Amino acid sequence: MDTTQHRTMTFDVKATWHDDPPPVYRIYVDGHLITEREFTWPGYEVYIRENLVCNLLPGPHVLNIENVNNNGNFKLAGLHIDNKAHPEQPGKDGYDLKQWTFVCDLKQS
């Protein structure tokens, strides 16, 4: 029986950068590329709120960000899965906030 379920994920991508070209990031869930974006706004004023829908099985998953052109620095903040906040995990995923491990429970229909 397939227990894959739609999961909504909301989180902020924060950037610090100063020189051209603007930094580019990729978002992965469980190693699968979800999106790639150029961060063209001033990082000291603006963040991007990502809204994703993924089909995920119950169990542990990993969300991470990759800096494509190594210009600037990115951090993830405020992860919500199905409108439920997931706390930062500095002991598990590091203090750089570039990766987030989370667990999806089986939803009741």
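The conversation below takes up strand pairing, the sheet, the nonpolar core and the aromatic rings.

Modeller: Please note at the outset that this is a predicted model.

Biologist: What makes E2 and E3 a pair of strands?

Modeller: Pairing requires at least two bridges found by DSSP. Strand E2 (residues 24-29) and strand E3 (residues 32-38) have 6 bridges, in the antiparallel sense, and therefore they count as paired. One of the bridges joins Val-24 to Glu-38 in E3. The hairpin of E2 and E3 has 2 residues between the strands, and Asp-30 takes a positive phi near 55 degrees there.

Biologist: Why are E4 and E7 said to stand at the edges of their sheet?

Modeller: The open sheet has 4 strands in the order E4-E1-E6-E7, paired antiparallel. E4 and E7 each have a single partner strand, so one side of each lacks a neighbour in the sheet.

Biologist: Which residues touch the most other members of the largest nonpolar core?

Modeller: That core has 22 residues, and those with the most contacts to other members are Phe-11, Val-13, Tyr-25, Ile-27, Leu-63, Leu-76 and Phe-102. E1, E2, E4, E5, E6 and E8 each supply at least two residues of the core. Phe-102 touches residues including Met-9, Leu-56 and His-86.

Biologist: What links the aromatic cluster?

Modeller: Ring pairs join Tyr-25, Phe-39, Trp-41 and Phe-74. Rings count as a pair if their centres lie within 6.5 Å, and the structure holds 3 aromatic pairs.

Key:
Residues numbered from 1 in each chain as written. Predicted model: local features only at pLDDT ≥ 70, side-chain atom pairs only at ≥ 80, totals over all residues. Heavy atoms only, no water. Phe/Tyr/Trp six-rings, centres within 6.5 Å; stacked < 30°, edge-to-face > 60°. Core = buried A, V, L, I, M, F, W, Y, C linked by side-chain atoms within 4.5 Å. Buried < 20%, exposed > 50% of the residue type's maximum accessible area, 1.4 Å probe, protein only. Contact = heavy atoms within 4.5 Å. Lists of a residue's contacts leave out its neighbours within four places in sequence.
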